[in-house]
Amino acid sequence: MSSDKLLIRLEPKQGYNKVFDLGEYNMNLTAFGVIQLADGTSYKASTGEYEVALVLLGGKCAVKGKNFDFAEVGGRRNVFDGKPHTVYLPRHTDYEITALTDVDIAYNASPATRDTAKPTVITPEQCRTLSLGRDNFSRAATIMIDETFDSEHFYIGEGMIPSGNWSGYPPHRHDFDNPPEEIDMEETYFYRFDPPQGFGIQKVYQPDGSIDETYTVRNNDTVAIAEGYHPLCGAPGYQMYYLWTMTGKVNRGLISAKDPQHSWVK
């Protein structure tokens with residue numbers, strides 16, 4: 001694994017793969033990793049002082065703990081094969097994941113100061129799908145956890161960008177709590193491509209130049225976005241997927257401020 005300021009590259013191995021821990025990359029409400037298990041193997045952990053959301057990127061598994069036993073979760077082959085199952089676990093929860101096939105899971109954690117929803121499976125049928133943008137910045141979004149779910153910090157979804165299109169456009173940020181104009185939220189982008197040798201471009205910037213980063217993103221790359229405007233685009237010929245995990249300090253929602261220079265693009 002290597003990193004370049006806000007970009008973290010990962011070559012996942014069996015078990016838990018750390019991408020970043022709480023406090024790294026100025027991410028004070030988010031930890032992120034990838035869990036990969038071969039068929040028949042298991043992974044045990046405790047959420048501790050965190051709430052945890054496990055997004056099934058591909059494959060099937062069982063997830064169990066005290067007073068809950070989800071016998072079969074998942075089903076899509078990969079992120080390009082339908083909507084996800086997501087397992088939500090509150091703080092102070094011991095759990096065990098057992099792979100029913102080879103399984104690929106995104107691990108999201110955020111510090112919790114209160115008891116939230118009980119262990120829950122969010123099914124594909126419970127997800128919400130949005131069509132956003134137009135022309136060459138049209139894209140689809142699937143939302144698994146929103147402000148109606150009893151989480152302290154999470155707002156989690158998936159973006160699917162057609163060949164050569166932009167997303168996060170017009171450029172937007174969520175740096176300040178000023179509803180209904182803007183909500184302060186950290187955001188994590190985790191990437192996959194079809195075919196897998198694809199790539200995209202991720203920009204993170206502030207108008208005053210205090211942040212001005214442009215990255216080539218590839219399969220299994222992550223960009224940690226604590227602040228700043230953050231548009232992105234995919235290379236022609238490739239379908240681009242990204243898991244976006246937002247964590248809000250006080251409020252949660254798809255409310256962002258557009259860069260005034262580009263806000264005329266509706």
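**Strands, loops and pockets**

User: Over how many bridges do strand β7 (residues 60-65) and strand β8 (residues 68-74) pair?
Analyst: The structure is a predicted model, in which local features need pLDDT of at least 70 and side-chain atom pairs count only at pLDDT 80 or more, while totals for chains, interfaces and linings use all residues. Residues are numbered from 1 along each chain as its sequence is written, and side-chain values use heavy atoms, with hydrogens and water left out. Strands are DSSP runs (E, at least two residues) numbered from the N terminus, and two of them pair if DSSP finds at least two bridges between them. By that rule β7 and β8 pair in the antiparallel sense, with V63 opposite F70 in β8, and the number of bridges is five.

User: Which residue in the turn of the hairpin formed by β7 and β8 has a positive phi?
Analyst: The hairpin leaves two residues between β7 and β8.

User: Which residue of β10 does C61 stand opposite?
Analyst: Besides pairing with β8, strand β7 also pairs with β10 in the antiparallel sense, over four bridges. Within β10, C61 stands opposite A99.

User: Which strands are the edge strands, pairing on one side only, in the open sheet of four strands?
Analyst: The strand order of this open sheet is β16-β22-β19-β20, and the pairing is antiparallel. Between β19 (residues 200-205) and β22 (residues 232-234) there are three bridges, and Q202 has L232 in β22 as its bridge partner. The edge strands are β16 (166-167) and β20 (212-217).

User: What is the omega of the cis peptide bond from D194 to P195?
Analyst: P195 belongs to the loop between β18 and β19. Another cis peptide bond, joining Y169 and P170, has an omega of about 0 degrees, and P170 is in the loop between β16 and β17. For the cis bond from D194 to P195, omega is near -10 degrees.

User: Is H92 buried, exposed or partly exposed?
Analyst: H92 is in the loop between β9 (86-89) and β10 (94-99), and although H92 is not a glycine, its phi is positive, about 60 degrees. Accessibility is relative area with a 1.4 Å probe over protein chains only, where buried means under 20%, exposed over 50% and partly exposed in between. Because its relative accessible area is 49%, H92 is partly exposed.

User: Does N220 count as buried or exposed?
Analyst: N220 is found in the loop between β20 and β21 (222-225), and phi is positive there too, near 70 degrees in a residue other than glycine. Because its relative accessibility is 12%, N220 counts as buried.

User: How much space lies in the largest pocket?
Analyst: A pocket is an open set of points, on a 1 Å grid over the protein atoms alone, where a 1.4 Å probe fits, with protein on both sides within 12 Å along at least five of seven lines, and lining residues have an atom within 4 Å of a point. Points are joined across faces, edges and corners, and a volume is the space filled by probe spheres set on them. For the largest pocket this comes to about 460 Å³.

User: Which residues lining the largest pocket are the closest to its centre?
Analyst: Strands β14 (139-145), β15 (154-161), β18 (185-194) and β23 (239-248) each supply at least two lining residues. The lining divides into 14 nonpolar, seven polar and five charged residues, where Ala, Val, Leu, Ile, Met, Phe, Trp, Tyr, Cys and Pro count as nonpolar, Asp, Glu, Lys and Arg as charged, and the others, Gly among them, as polar. Of the 26 lining residues, the closest to the centre are L132, R139, G168, H172 and L254.

User: How far apart in space are S256 and H172, C-alpha to C-alpha?
Analyst: S256 is in the loop between β23 and β24 (257-258). Leaving aside neighbours within four places in sequence, S256 is in contact (heavy atoms within 4.5 Å) with H172, R173, H174 and E181. Although 84 residues separate S256 and H172 in sequence, their C-alpha distance is 5.9 Å.

User: What is the relative accessibility of D184?
Analyst: D184 is in the loop between β17 (172-173) and β18, and is one of the residues lining the second largest pocket, along with H174, D175, T247 and K249 among others. That pocket holds about 160 Å³ of space, and its lining divides into three nonpolar, four polar and five charged residues. Beyond four places in sequence, D184 touches residues including H174, D175, T247 and K249. D184 counts as buried because its relative accessibility is 14%.
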